[in-house]
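Me: Could you take a close look at one helix in this model for me? I'd like to know what sits on each side, and then how the rest of the chain looks around that part.

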Amino acid sequence: MNTRSTLVDRAHADKRLTALLKQAPIEFARAVYGINDYASGRTDTMAAREVVRAQRQGMPLTEERAEQRARAYLPTVGQEHCPRCWVVYGHKTPLRFREADEERPEVAACHICGAEYATSSD
């Protein structure tokens with residue numbers, strides 16, 4: 001049985017989920033930019049590189065599929081997963097949270113794609 005080492009306040013967890021849910025449409029737009037960049041020969045952009053990386057992994061990225069995944073992105077408390085990995089690759093990669101400090105807000109980071117998402121406005 002998996003148990004969390006620290007209890008998460010329900011209101012804080014809901015704010016995390018809300019912040020992550022807002023990221024899925026942004027990742028969809030990023031995927032579309034990558035698809036368009038790649039199709040027009042601009043393969044040096046970060047978004048186009050994601051498209052190439054997805055193709056190398058055997059997961060051809062189409063606008064329709066990225067849109068389906070963006071709409072289906074639904075993290076749950078304790079099982080938050082990366083919006084970019086989900087939209088682009090279809091993988092549910094767990095996020096790692098770094099607590100807020102005086103210089104930056106709380107951040108959810110993906111160890112696979114390197115994406116970071118602010119999950120609080122502190």
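This is a predicted model: local features need pLDDT of at least 70, side-chain atom pairs count only at pLDDT 80 or more; totals for chains, interfaces and linings use all residues.

Reply: **A close look at α4**

Helix α4 covers residues 63-72, and its buried residues are Ala 66, Arg 69 and Ala 70. Buried here means under 20% relative accessible area, exposed means over 50%, and partly exposed is in between (1.4 Å probe, protein chains only). Looking down the axis of α4, the buried residues fall within an arc of 100°, so they line one face of the helix; the arc is that of the directions from the helix axis to the C-beta atoms.

Residues are numbered from 1 along each chain as its sequence is written, and side-chain values use heavy atoms, with hydrogens and water left out.

Now step back to the chain. It has 5 helices and 3 strands, in the order α-α-α-α-α-β-β-β along the sequence. Helices (H or I, at least four residues) and strands (E, at least two) are DSSP runs, numbered from the N terminus. Of the 122 residues in the protein chain, 39% are buried. As for contacts (heavy atoms within 4.5 Å), take those between residues at least 6 apart in sequence: 44% of them join residues at least 24 apart. The C-alpha trace spans about 45 × 35 × 20 Å along its principal axes.
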